Amino acid sequence: MKIKKTKNTGNKKYPKRVTMSSGLVLRIPQQKEFGSFSRAHGCSLAAIDIALQVVGIKKNPDEIYSWCKEHLEGYTGSKVTIMGCKRAVNRMSGKNQAKYMTITGTKKNRKKAIRKIKDCLKQDGIVLVESDNPIHTDVLIAKRKGGVWDATNGTLKKTTIPKMVKGAIKRKTSKEKQTNWYSSRDGDCGIVLVYPGKEG
């Protein structure tokens, strides 16, 4: 998927609107313009917002936060982790269009992640990446010459897939030993691939 057109909307909550080559129109949220929780920890909520648009649902970050508190078992009300994003998208849509992949940092794992991201974007999907230093949920929405577009903080920025994979948080413990999918202490990290209209 590529970007066909971008437009500045003048709307502080959704300052940019992007028309994709597939015809999909995405509103890019600026989470700092929503409630107090979104201002402090809203990058993951904004990422879920964009992912839900891909699967045909419109909910703003504050509505998503309320839903997560009520429906995500084990969620304590802190930042929604990358696995929490995947579960929220699938449960809110009633489908299985969001897929989780662990990031371990090995050469083999990095190559697989890069390939998965490229394939997802080629299928008109988007990819959520849990970045480290600082911790932030980025959303890769489209290919561009020399890299990809990252929709974050109400705008678009240029980056590359290898850079995003390298900067992703690396798992600290095995998936089998994960005890709390909503705590970064347990190493919840990785990427979520979101496919439009069909399972990936």
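This is a predicted model: local features need pLDDT of at least 70, side-chain atom pairs count only at pLDDT 80 or more; totals for chains, interfaces and linings use all residues.
Reader: Why is H4 called mostly covered?

Author: A residue is called buried when its relative accessible area is under 20%, and nine of the 12 residues of H4 are buried. Among them are Ile82, Met83, Gly84, Cys85 and Ala88. The buried residues of H4 pack against H2, helix H3 (61–71), E4, E5, E6 and E9, and the helix is followed by Gly94, whose phi is positive, near 70°.

Reader: How does the length of H5 compare with what is expected at 1.5 Å a residue?

Author: Helix H5, residues 107–122, has 16 residues and reaches 23 Å from its first C-alpha to its last, which is close to the 22 Å expected.

Reader: How do you know that the buried residues of H5 are on the same side?

Author: The buried residues of H5 are Asn109, Ala113, Ile114, Ile117, Cys120 and Leu121. They cover an arc of only 135° around the axis, and therefore they lie on the same side of H5. As a general point, an α-helix has 3.6 residues a turn, so residues three or four places apart point the same way.

Reader: What is found on the other side of H5, and what do the buried residues pack against?

Author: On the other side, Lys107, Lys108, Lys111 and Lys122 are exposed, a word that calls for a relative accessible area over 50%. The buried residues of H5 pack against several elements, including strand E4 (98–101), strand E5 (126–131) and helix H6 (161–167).

Reader: How many cavities are counted, and what lines the largest cavity?

Author: The count comes to one cavity of 30 Å³ or more, and the largest cavity has a volume of about 60 Å³. Of the 13 residues that line the largest cavity, Cys43, Ala46, Ala151, Thr152 and Asn153 are the closest to its centre. Helix H2 (43–54), strand E6 (136–144) and strand E7 (147–152) each supply at least two residues of this lining, and H2 gives the most, with four.

Reader: How do the residues of this lining divide into nonpolar, polar and charged?

Author: The lining of the largest cavity has eight nonpolar residues, five polar and no charged.

Methods: Residues are numbered from 1 along each chain as its sequence is written. Side-chain values use heavy atoms; hydrogens and water are left out. On a 1 Å grid over the protein atoms alone, a cavity is a set of points where a 1.4 Å probe fits but cannot get out, and a pocket is an open set with protein on both sides within 12 Å along at least five of seven lines; lining residues have an atom within 4 Å of a point. Grid points are joined across faces, edges and corners, and a volume is the space filled by probe spheres set on the points. Ala, Val, Leu, Ile, Met, Phe, Trp, Tyr, Cys and Pro count as nonpolar, Asp, Glu, Lys and Arg as charged, and the others, Gly among them, as polar. The expected span of a helix is 1.5 Å times one less than its number of residues. Buried means under 20% relative accessible area, exposed over 50%, partly exposed in between (1.4 Å probe, protein chains only). The arc is that of the directions from the helix axis to the C-beta atoms. Contact means heavy atoms within 4.5 Å.
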